[in-house]
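Have a look at it before reading on.

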Amino acid sequence: GNTPQNQGGGNQGGVKVANDEPGKKVVIGFSAPAADHGWMAAITNAAKAEAGKYSDVELRVVEGTNDVNLQISQVETFINDKVDAIVLLPFDGAALTPVALKAMKAGITVINVDRQFDSPFAARSTVLGDNHGMGVSAGTYICEKLKGKTDAVVAEIAGIDSLPLTQDRSKGFAEALATCGLKVSNRVAAEFTVESGEKAAANLLQAARKIDAIWNHDDDQGVGVTAAIKNSGRSEFFMVGGAGSANVMREIKADNGPHKATVVYPSTQGADGIRLARLAVQGKSLGDLVEVEVPRQVELYAPVVTKDNVDRYLPTAFES
Amino acid sequence: MSEDTVVTAPDRPATEKNDARRGISALLGSAAGRNTGLVVALVLLCLAGVVTAGDRFADLDNVLTILRLAAVIGVVSVGMTFVITGGGIDLSVGAIVALSSVWATTLATQGIANSTHWIVVVFTALAVGGACGLVNGVLIAYGRVVAFIATLASLAAARGLAEIISNRRTQILDVRGFTAFFDASVLGVPVLVVIFAVVAAAGWVLLNRTTFGRRTFAVGGNPEAARLAGIDVRRHTALLYTLLGLCCGLAAVMLIARTTTGSATHGGLYELDAIAAVVIGGTLLSGGRGTIAGTVFGVLIFTTLSNVFTLNNLSISAQAVAKGAIIVVAVLLQQRLARRSGT
Amino acid sequence: MSEDTVVTAPDRPATEKNDARRGISALLGSAAGRNTGLVVALVLLCLAGVVTAGDRFADLDNVLTILRLAAVIGVVSVGMTFVITGGGIDLSVGAIVALSSVWATTLATQGIANSTHWIVVVFTALAVGGACGLVNGVLIAYGRVVAFIATLASLAAARGLAEIISNRRTQILDVRGFTAFFDASVLGVPVLVVIFAVVAAAGWVLLNRTTFGRRTFAVGGNPEAARLAGIDVRRHTALLYTLLGLCCGLAAVMLIARTTTGSATHGGLYELDAIAAVVIGGTLLSGGRGTIAGTVFGVLIFTTLSNVFTLNNLSISAQAVAKGAIIVVAVLLQQRLARRSGT
Amino acid sequence: MAQRLLAHGGLNGELAGAWSRARVLVDGSGRMTVAAPLLEVRGLVKRFPGVVALQGVDFDVRAGEVHCLLGQNGAGKSTLIKVLSGAHRPDEGEIRWQGEIAEFGNPTAAMRSGVAAMYQELDLVAGLSVADNVFLGHELSTMGFTRRAEARRRTRALLDRLGHRDIPPDRDVGRLSVAHQQVVSMARALSLDSKLLIMDEPSAVLDPDEVRVLFGVIRELTAQGVAVVYISHRMAEIREIGDRVTVLKDGRTVAAGLPAREVRTSELIGLMTGRVLENVFPQRVPVAQEAAEVLVVRGLAADGGFSGVDLTVRAGEVVGLAGLVGSGRSEILETVYGARKATDGTVEVDGRRLRRGSVGAAVRAGMGLCPEERKSQGLLLDQAVYRNITVSSLSSFARFGFLDDRAERTRSNRLTEALDVRPPGVDRVVRGLSGGNQQKVVLARWLLRECRVLLLDEPTRGVDVGARSEIYELIRDLAARGVAVVVVSSDVEEVLGLADRVLVVREGQVVHSGPADEIDESRVLDLVMEGHAA
Ligand SMILES: Nc1ncnc2c1ncn2[C@@H]1O[C@H](COP(=O)(O)OP(=O)(O)OP(=O)(O)O)[C@@H](O)[C@H]1O
Ligand SMILES: Nc1ncnc2c1ncn2[C@@H]1O[C@H](COP(=O)(O)OP(=O)(O)OP(=O)(O)O)[C@@H](O)[C@H]1O
Ligand SMILES: [Mg+2]
Ligand SMILES: [Mg+2]
């Protein structure tokens, strides 16, 4: 969460003037998967808002799609158009690698966001959320909370199961739990949407009669999960969220629901991508770093938000 | 013509006996009889549930969970049964549910609802759903656009509109009374389940006991004959889509109640789920034959299936493979049994 | 019957003139004529592209981009035209593409391909696709499972299987030669586009100039009449699905070439895209009438649409709404023009 | 004579005559008034894309009469009916109903005025019950809820009146035989309580007894003042039931209001066809004793249908199957053809036994079938004529699977001309052809294939006299060329006149087999009815 929310605000660092000063005009193409859930919609919205802050940035946003073939063709169109940079959140990192390489070869600055390409040459710079780290953070937090209760029932509500990021999260979660002798007793998968979350949770609550802790990968589907929990009248467990929506953070702050914590997966990655693209094209460096160029890779941190530190994160949280 | 000049059919007694038998079996089995295969499939599924998950499956709470899950898609499927029986198809149901849910949870609606009565939310959803259905119906019946294409277009348009209205945010409903009403239970049965039951019963009566229902069969089975019989086929078709739209509006209300939200992502792939439930229930995709009971069984089979899978903690991929196999087996079973029962 | 016993029809000359006229119009217009509406819609779309995006649209590179995008779904749609013309439907095409792509990119296949020839990858994909199609066909033709349900089941099963095989990972293809071949161009035209053109041409010939095509029309138009005319309707139906399966296998190869990956998420919602292209092209969903040229136009309209949107930086939700409106307009246009041309 | 009537100048005069002959009534006060006809039609024109179906039809119907419409296949009879019942809108011309100009914009409007129609293509909905079909569009209901018991009761009564106690009102119409469907269609027309009842070839699928019952009902209705428009290709029926006759040719009225009982048959045929027909049935050619047995059927049986059917047909022989509707003749034919699975028995063509239940095997062995219901079983309705004709012989037009389109059209064209299919043109869509012409298209299919065995199920149903005699000639011609022919027909006269040998079928059993010239019509009817309480 390094992005300022206020219009025209600069970096916290003191080089704001140099970097935000209008420079050479930069045309940026932006492509992301279909906005079929809140986090993904927030990514695009944040990117647009960020671009709006710079008079020297022209952003072209294309229809979000889950069809890799279509996304490839969108990038091809950007290449034909000779845009200066492409910020790409690929539906499938590996599948979009060839076309990203093609763009790089054509001299376009490609910024890879969230889902990583499988070639280091396919992007000038990569902004990554830490999916594995998210799982680790959530697992570690649950371990702490359940302190030594080795027979505890831990449930997991995953997101779209066929995405690699879901598997990374689950893997990290399982690893962290293993360190304190726990394991995932019940696992269901939803589809990142409110409705699917409600459905998955309703079934889950039947499958496990007593639960001590639930980790839900995504706060968007979490709205549905909360509704299902409320409906069941169960309260013997606590819940850890994922991604970090403003909603859930408000609930944590008020301490009036099952959520006791959430693990942030920044929805501002797209916005970061826009900034990096602009800086890279204009040949500027990243403010607080000594380096002359923007770095190759930025891996975002996945902090656990609890009642204690919620005020720090609430401002950058996305509204689901 | 008087009795004595009639050539008596030699097998008349047999026919009458047949008739009597048919009467009884109609009483006993109009639902169970024609749907034996489905009943058997559902029972097998339940057995599998009991064997693998024991009391966790056969528990009242779990049964209510299944029913509550079935309720939303069930209402849409009942409406879909009418459209398909009438020879149509609607791919836009999910999008209509999304649009209705979003429109009904806009701040404006919530404001009016809070200052008057929560029923405003309900009416908004129904009105939006009905209007979408009407647009579909008019395009198809009067504009003569193929139903598949017209509703595919509505699918795109309605979801887009829902995204614009909601700004792709999940809109949380904050209307007192609404949630209280829909979260309640009637004699232990959740209101949502009651609504589904009422819709299914009303749908059955409408399809089987009214002129509207008879005409639906005629319009779907032989539109030319229906026209020659003086039925306004186009108006009837438009009405069918409007009815389905209303069902989608109602489903949106139920979904809002379940999730306390309206969202452009609601109702994803409902079109496939609803059509699958209707078709597995025995309604002909080509029109002219439809059964509400079958549709209800179809919906229950699909929701029970995913419940049993979840109770057993199975991987989603294995679920998918098993689901495919089970669908085929259920249909084959239904066919064999239907053939044996001779109807 | 010998010529001389024939009662001569008095108005034979008129017929011949008619025939001649029909011959000419058939030459001129079999594609353009019956598809005037589609051509007009495509031209309007291109005009819109030129007006809003100027040279960026009318650029050769951009045209090739459109065609490359169209190629994969185009190959599937050509196969789908056969199945729909033959009175069927297939919802599992996307899943078959995914399964074929995953199977063809497994380490085992890659190992064999690397030690022998990359063509092994191609054959694997085709074999998997063809086998899936055959299973669909046998279930539908011999098992008499409704096509919609049978292929819905395959959809679930094939995707599940693809996920299991790939362990839900994207599999990267590392076979020399394969990528080199498919990334090449023939006289400036990318190989993928060439493949699409060849498939479309072959499909046209197969549908309009061969006994297989003629039987497809017969089977779709009136299966009972086709059966009584001596056509083996069931075998033919099974063949149609197998053909479509092969097309899906080929599409998988093309997708692997484009993405260098095989994945269980490939081909998402291809079923809707392909059916939409086929139906908007003028093939009847109820069977018996189908046109490859129309399907190609349908695919091009959809891909051009998304290209024009991409070039114009419209709000994403507005795009969806516009897409819905454009589909309806295209179909209405097609109908009006087809009616006026008197066919 | 024909010239006199056909001349256009004469036509108006003729009509004027008919007009002045309109019924003169004496009212209570003794003054004479000229009652307007119930229905009067003038200058009706109806165009379809590429065809003018009606090009100036004049026609009037009086209350209480049976007015017969006569004309060749494609003359426009059914189209006229559809215009009168509001199913088609006319392009020109006026319709007067009880003297007032009427606009029957849709079927409901016509029904409200009191016009009920039974269409040639049965207008029933398979999947709905008999009672539902009878009251479709005018359901008996209270506030939208159907009164099912009442509908059943009334349907029962209507069916009883039509002599069909054997049709259960609850049965799905799709499961009834064609004949029974026709009865339901009649019940439907009766249920409307109309002033004008139009029947388009109602007798085509009925057997003689049922036709008699039908006529009884018609007489009952006319006695109550209901007018009936009756269409049939059977001259004898027109004589028996008709009061006046109007003849259509090529969409025009060529004679209006002729007295049905007086006018000579040859005159009518002359009006219809523009030529004179000598004798209807062609001369039999004796079958040589040593002619090869082409089709040999032994002990054929199928579940619940028939059993122990033996049938041998020699090259050049025509065998007729007579029997009541529902006696199982169609089932026998379809089983021989392999379209239904036999449970027992063998079928041999030219000494080679056919695989059971395989149409393909039968066709390859040289069999062809013209099915009973040509629309649902015979034709690809929305496809071109030539495609319907060549569908069974595709491989003979193909080289390595590629079709020679032009050869297909040429050969088809030759056949349609030989059979005088109207309107001509092999690229026409079959749906637009009249019923009789559609039948010719199915026949052409098997002529093209030059099959060894031809199975014909009701080949002349709905076919006009002219075309009928052409079809007879065709059958004879085929036989003369060594084809073995089996004909099923409900028209006993036809079976006897056409066949060399006759088999009588009753309840799935062959009860008689012998040369056609050794049996007469009444004997056949006796055999057919035997066991029925008469
Ligand atoms: N819907 C239609 N579209 C195109 N042409 C049609 C249509 N209906 C009828 N026709 C044409 O109109 C003419 C009259 O047909 P119609 O069915 O009225 O004949 P008909 O006298 O009833 O013949 P039949 O004795 O064979 O039933 C025919 O040439 C037919 O091809
Ligand atoms: N598909 C079917 N399902 C149920 N009953 C059938 C079916 N086909 C025929 N039947 C019944 O079998 C009996 C014999 O029918 P079939 O059509 O062979 O008689 P037919 O002598 O040819 O009479 P028609 O003149 O009506 O053709 C009839 O009672 C008919 O109702
Ligand atoms: Mg007719
Ligand atoms: Mg018969």
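## The disulfide

A disulfide is counted when two cysteine sulfur atoms lie within 2.5 Å. This is a predicted model, where local features need pLDDT of at least 70 and side-chain atom pairs count only at pLDDT 80 or more, while totals for chains, interfaces and linings use all residues. Residues are numbered from 1 along each chain as its sequence is written, chains are lettered from A in the order in which they are written, and side-chain values use heavy atoms, with hydrogens and water left out.

Searching the whole structure turns up one disulfide over all chains. The partners are C143(A) and C180(A), with 1.9 Å from S to S. The torsion about their S-S bond is about -70°, so the disulfide is left-handed.

C143(A) is buried at 11%, whereas C180(A) is partly exposed at 29%. C370(D) is buried too, with a relative accessible area of 0%.

Five residues of domain 1 touch six of domain 2, where contact means heavy atoms within 4.5 Å.

What links the two domains? There's one salt bridge between them, meaning a side-chain nitrogen of Lys or Arg within 4 Å of a carboxyl oxygen of Asp or Glu. D250(D) and R422(D) form a salt bridge, at 4.0 Å from N to O.

How values were computed: Buried means under 20% relative accessible area, exposed over 50%, partly exposed in between (1.4 Å probe, protein chains only).
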